[in-house]
Amino acid sequence: MLTIRSRLEKKQKSKKKRIILYSLLFIVLVLLAGVAYIVKQSADAFDSSYHELERPDDKSPFREEGVTISDDPISVLLLGLEDYATNGEGGRTDTMILVTLNPKTEQLTTTLIPRDTRVDYTAEEAGSYAGTHKINGAYNYGSLSGYGATELTVSKVEEFLDVPIDEYVTVNFTGFRDIVDVLGGVEIDVKEGFWEDNIFNNERIDFTEGVQELDGEEALAFVRMRKREVNNIYSREERQVQFIQASMQEILSASTLFKANEISDVIGENVMTSLNATEIYNLQRAYSDMDSSKVEKLNVPGEDQRVNGVWYFIPDEQQLSETIDEIKDNLEI
């Protein structure tokens, strides 16, 4: 038989449980409201940033059937656009990273496509610039020829890797800087010290070995450096993937939901994507709990070679085939 004291203790414990439960429910409601809010507030920004790839049947020609985000394994091409020298017109892709996401295995792969990779362009694709050029020129040639800047870039990467690209996200340097700043910076464990110029003011940015909190301009310099001697042991590719791993959890975290206005401004002015607001929300919902340790970095092996007076990156075909097989495995194709 319960004593008065035991009943009181039980009642207090029950009350505490209810308070905890109500608190959890409140937090969940706030987060759900935040998701709805950011999608609603960002609608105009997404309208101006949304650019669907013009492809037959609304799917990659490398797929037999279309895919559904959050249900099927998908690929997303991330493009860092260097257009500050052309006042936003045309430009070249400074960075190309293919990301594959598998919701079943929760595996994410990143493959950096070397910007100097040697590829061929037809007259339909590049107009008067038809011939052999670097893959990072696809954005500019597609813009000049009328083929489509992102369409040609996506097409060339698909041909090079023999895999489908389902979606893309393009961000220019200003957008990269502002997104990192909106997130409150990104913590990076710098493995080797180096320096790089700040493209916004030409001042020198020094990176010392160890953990550092990088703001937008510092983060951009960190991922762009490729001409210093240290790049031989601490490569640009390694640093870019390191940045993705460090920032992924921050980008997908619930805290970003309460920065709707700032995010909307950055997206509207500096981002172009084939993902609409609902699809981005579905991505956030499907992968917000993904463990960053499940990010697998894949390489495109090869070497720089001088061909007809121009330096190109030439892949090792056998090793490239192995990388492509890993990409296809994660896409289940």
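# Rings, helices and buried residues

Tyr121 and Tyr141 are both buried (under 20% relative accessible area, with exposed meaning over 50% and partly exposed in between, for a 1.4 Å probe and protein chains only). The model is a predicted one, in which local features need pLDDT of at least 70 and side-chain atom pairs count only at pLDDT 80 or more, while totals for chains, interfaces and linings use all residues. Residues are numbered from 1 along each chain as its sequence is written, and side-chain values use heavy atoms, with hydrogens and water left out.

The structure holds eight aromatic pairs (rings of Phe, Tyr and Trp, the last by its six-membered ring, with centres within 6.5 Å; stacked under 30 degrees between planes, edge-to-face over 60, tilted for the rest). In one of these pairs, the ring centres of Tyr121 and Tyr141 are 5.2 Å apart and the planes stand at 75°, so this pair is edge-to-face. Because Tyr121 belongs to strand S4 (residues 118–121) and Tyr141 to helix H4, the pair ties together parts that are 20 residues apart in sequence (helices, H or I, of at least four residues and strands, E, of at least two are DSSP runs numbered from the N terminus).

A second pair is formed by Phe176 and Phe243, which are tilted, with 5.2 Å from centre to centre and 35° between the planes. Phe176 sits in helix H6 (residues 173–182) and Phe243 in helix H8 (residues 236–252), so that this pair links distant parts of the chain, 67 residues apart. Both partners are buried: Phe176 has a relative accessible area of 16%, and for Phe243 the value is 11%. Elsewhere, ring pairs join Phe194, Phe207, Phe222 and Tyr234 into a cluster.

The axis of H4 (residues 138–145) comes within 7 Å of the axis of H5, and the two cross at roughly 135° (axes are lines fitted to C-alpha atoms, for helices over the stretch in contact, and angles run from 0 to 180 degrees between N-to-C directions). H4 and H5 are therefore oblique to each other (under 35 degrees is roughly parallel, over 145 roughly antiparallel, 65 to 115 roughly perpendicular, the rest oblique). On the side of H4, the contact is made by Ala138, Tyr139, Tyr141, Gly142 and Ser143, and on the side of H5 by Ala149, Thr150, Leu152, Thr153 and Lys156 (contact means heavy atoms within 4.5 Å).

Phe176 likewise takes part in a meeting of helices, this time of H6 with H7. The axes of H6 and H7 (residues 216–224) come within 7 Å and cross at roughly 125°, which makes H6 oblique to H7. H6 contributes Phe173, Phe176, Arg177, Val180 and Asp181 to this contact, whereas H7 contributes Gly216, Glu217, Ala219, Leu220, Val223 and Arg224.

Thr93 is placed in strand S2 (residues 92–102) and counts as buried at 1% relative accessibility. Leaving aside residues up to four places away in sequence, Thr93 touches Leu79, Gly80, Leu81, Arg115, Asn136, Tyr139 and Thr153; among these neighbours, Tyr139 and Thr153 also take part in the contact of H4 with H5.

Ile165 lies in the loop between helix H5 (149–161) and strand S6 (167–172). When residues up to four places away in sequence are not counted, Ile165 touches Arg55, Ser60, Ser75, Leu77, Leu98, Val154, Val157 and Glu158. One of these, Leu98, is 67 residues from Ile165 in sequence, while the C-alpha atoms of the two are 8.1 Å apart in space.

The loop between H5 and S6 also holds Asp162, which has a positive phi of about 60° although it is not a glycine. At 38% relative accessibility, Asp162 counts as partly exposed. Another residue other than glycine with a positive phi is Asn308, where the value is near 55°. Asn308 is found in the loop between strand S13 (302–307) and strand S14 (310–315), and with a relative accessible area of 75% Asn308 is exposed.
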